[in-house]
Amino acid sequence: MKPAPFKYIAASSLDHALALKAEHGDEARFLAGGQSLIPAMNFRLARPSVLIDINGLGELAGVERSEGAEIRVGALTRYRSLESDSRFLTDCPLFADALPHIAHPQIRNRGTIGGNLSHADPASELPAVAVAMQARMRIKSAKGGREVAASEFFQGLLTTDIRSDEMLVEIAFPAPRARTGTCFMEVARRRGDFALAGVAAVVTTDAKGRCSQLRLALCGVGETAVDASTAAASLIGQPWASEAIETVVSEVQAMIDPPGNVHASPDYQRHIAGVLAQRAITAAYSRAGHAG
Amino acid sequence: MQVERHDIELSVNGTIYRRAVESRILLSDFLRHDLELAGTHVGCEHGVCGACTILLDGAPIRSCLMLAVQANGHELSTVEGLAGRDGELHPVQQAMHDHHGLQCGYCTPGILMTMTAFLKQNSEPSEHEVREALSGNLCRCTGYQNVVDAMLAAAQTIRAAP
Ligand SMILES: Cc1cc2nc3c(=O)[nH]c(=O)nc-3n(C[C@H](O)[C@H](O)[C@H](O)COP(=O)(O)OP(=O)(O)OC[C@H]3O[C@@H](n4cnc5c(N)ncnc54)[C@H](O)[C@@H]3O)c2cc1C
Ligand code: FES
Ligand code: FES
């Protein structure tokens with residue numbers, strides 16, 4: 001055995017789980033896929049005194065959508081079920097790019113979208129995807145529910161807007177828009193490793209092929225996912241031009257402050273962030289149906 | 001803190017076990033120490049190496065990243081269940097033997113469990129798909145080439161089986 005002792009409670013309903021969290025607060029952690037929490041407990045970096053297992057709460061798992069409406073993903077939905085849901089991948093194509101980069105098949109069989117986003121690892125792919133897609137995070141406590149934009153949800157290193165009595169229950173992604181292309185790319189040392197830098201881009205064009213919206217988010221280069229959409233402001237209203245992207249690249253490189261790690265210096269991270277931004281925007285443009 | 005125990009019942013390789021486990025016992029340790037099924041190896045105990053891979057309701061998972069109490073009511077498969085009762089090796093085991101897919105053997109149980117599940121879903125994989133499927137299992141000895149050869153051969157045997 002490796003973890004320090006704790007009390008284990010399998011929640012029998014969402015209300016039960018929320019009541020337990022209200023009672024135990026910061027001393028308690030929800031156990032979802034366990035793919036970040038259990039390693040942290042094995043290292044004794046995390047020593048919760050109560051574990052509230054939410055794996056039995058089927059109501060928290062699954063994807064719901066109706067024509068033209070937002071796509072609602074339950075927090076307990078595992079990577080594996082998203083990967084094998086072809087309609088979801090068509091509606092949210094950034095996931096088709098990003099999911100294969102997350103760990104390995106064995107870990108994707110257990111890990112959940114809600115656990116990933118609540119954990120808020122700065123190098124993880126999904127916070128950047130959620131920020132780029134302007135996801136809405138639905139949060140509940142025993143007292144009621146609220147909704148937070150992804151860009152406000154991630155507050156710092158492993159820190160989110162979730163309070164000690166709350167649970168992330170659902171993530172809502174906007175319905176697919178016309179003339180929109182997306183792309184996620186990353187550089188990691190090996191397949192399945194956390195990204196040294198990653199970029200998610202969403203490009204929407206008008207009927208004349210001019211860029212009407214460009215969302216850009218990065219992972220691995222800050223304390224949390226970085227919303228870099230303002231770096232692309234100069235492209236809005238403009239037709240596709242590869243030279244214009246160069247400006248965006250230098251803006252992106254100027255606005256990030258990568259921490260560096262044993263595998264990559266801050267300068268190298270800044271360099272690859274720029275290269276990836278250039279490639280991801282170009283690919284997203286061409287997937288939106290325009291030159292690139 | 002008082003030791004807290006839970007009664008669990010689970011099936012491993014078709015045999016039902018009932019035990020009382022402490023909350024913090026990892027599934028990997030439960031298999032090895034309580035059930036004395038030591039074929040499941042532990043390397044890193046934080047999800048990286050893949051030595052502890054077993055099947056939970058048919059899907060490969062890290063047994064070092066699950067608590068034994070969480071396995072209550074589930075069906076597990078471990079390397080001990082792969083060979084037939086008469087000792088006949090599973091095609092994936094036979095192919096590893098034939099192609100020299102192991103040296104020290106530490107990683108082998110995890111590779112066998114990962115790949116039996118993979119080949120069940122995809123018995124006509126490309127070499128690239130085999131390498132992708134193997135990406136979550138570290139081997140310090142073989143350099144993987146012979147493991148890849150073994151898996152492509154095993155796929156062929158599985159396809160040819162009636
Ligand atoms: C070897 C290895 C490699 C990995 N590589 C990557 C990678 O490349 N990219 C990547 O993104 N991830 C990677 N991961 C992490 C993995 O994706 C985790 O699955 C994920 O970060 C956490 O999801 P989980 O469901 O397992 O959450 P858990 O580990 O169960 O929980 C994580 C945290 O979130 C809390 N929590 C869980 N669910 C909720 C909820 N609904 N509401 C509020 N709080 C909640 C828990 O209390 C805990 O604090 C890797 C993991 C391993 C072991
Ligand atoms: S011991 Fe479980 S992955 Fe290494
Ligand atoms: S055979 Fe020795 S680790 Fe793989």
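Predicted model: local features only at pLDDT ≥ 70, side-chain atom pairs only at ≥ 80, totals over all residues.

Colleague: How do you know whether the radius of gyration of chain B agrees with that of a compact globule?

Modeller: We set one value against the other. A compact globule with 162 residues would have a radius of gyration near 15 Å, and chain B has 16 Å, so the two agree. Along its principal axes, the C-alpha trace of chain B spans about 50 × 35 × 25 Å.

Colleague: What share of the residues in chain B is buried?

Modeller: Buried residues make up 52% of the 162 in chain B. As for contacts with a separation of 6 or more, 54% of them in chain B come from residues 24 or more positions apart. Chain B exposes about 7700 Å², with carbon and sulfur atoms supplying 47% of that area.

Colleague: How many charged side chains does chain B have?

Modeller: There are 11 positive and 19 negative side chains in chain B, and the centres of the two sets lie 3 Å apart.

Colleague: Why is B:E45 called buried?

Modeller: Its relative accessibility is 15%. Buried means under 20%, so B:E45 counts as buried. B:E45 sits in the loop between α1 (27-34) and β3 (53-56) of chain B. Leaving out residues up to four places away in sequence, B:E45 touches A:K2, A:N42, B:L26, B:D29 and B:C64.

Colleague: What makes B:N13 partly exposed?

Modeller: The label lies between under 20% for buried and over 50% for exposed. B:N13 has 30% relative accessibility, so it counts as partly exposed. B:N13 is in the loop between β1 (5-12) and β2 (15-22) of chain B. Although B:N13 is not a glycine, it has a positive phi of about 50°.

Colleague: And why is B:H100 called partly exposed?

Modeller: B:H100 has a relative accessible area of 48%. Exposed would need over 50%, so B:H100 is partly exposed. B:H100 lies in the loop between α2 (91-98) and α3 (108-121) of chain B. B:H100 is not a glycine, yet its phi is positive, about 55°.

Colleague: Let's turn to charge pairs. How many salt bridges are there over all chains?

Modeller: A search of the whole structure finds 25. Side chains of opposite charge can pair when their charged atoms come close.

Colleague: How do you know that A:D85 and A:R65 form a salt bridge?

Modeller: Their closest N and O atoms are 3.5 Å apart. The cut-off is within 4 Å, so A:D85 and A:R65 form a salt bridge. The pair links distant parts of the chain: A:D85 is in the loop between α3 (79-83) and α4 (86-91) of chain A, and A:R65 is in strand β4 (residues 63-65), 20 residues apart. A:D85 is buried at 17% relative accessibility, whereas A:R65 is partly exposed at 25%.

Colleague: What else does A:R65 touch?

Modeller: Not counting residues up to four places away in sequence, A:R65 touches A:E70, A:I71, A:R87, A:F88 and A:D91, as well as A:D85. A:R65 and A:F173 are 108 residues apart in sequence and 9.9 Å apart in space, C-alpha to C-alpha.

Colleague: What makes A:K143 and A:D165 a salt bridge?

Modeller: Their closest N and O atoms are 3.7 Å apart, and the limit is within 4 Å. This pair, too, links distant parts of the chain: A:K143 in the loop between β6 (136-141) and β7 (144-149) of chain A, and A:D165 in the loop between β9 (159-160) and β10 (167-173), 22 residues apart. A:K143 is exposed at 76%, while A:D165 is buried at 17%.

Colleague: How do you know that A:D161 and A:R146 meet in a salt bridge?

Modeller: The N to O distance is 2.8 Å, again to be set against within 4 Å. A:D161 is buried, with a relative accessible area of 17%, and A:R146 is partly exposed at 23%.

Colleague: Which residues are linked in a network of salt bridges?

Modeller: The network links A:E64, A:E70, A:R72, A:R136, A:R138, A:E147 and A:E170.

Definitions and conventions:
Residues numbered from 1 in each chain as written. Chains lettered and ligands numbered in written order. Heavy atoms only, no water. Salt bridge = Lys/Arg side-chain N within 4 Å of Asp/Glu carboxyl O. Helix = DSSP H or I, 4+ residues; strand = E, 2+ residues; numbered from the N terminus. Buried < 20%, exposed > 50% of the residue type's maximum accessible area, 1.4 Å probe, protein only. Rg over C-alpha atoms; globule rule 2.2 N^0.38 Å. Contact = heavy atoms within 4.5 Å. Areas by Shrake-Rupley, 256 points an atom, 1.4 Å probe, with all protein chains shown as cover. Lys, Arg positive; Asp, Glu negative; His and termini not counted. Charge placed at Lys NZ, Arg CZ, Asp CG, Glu CD.
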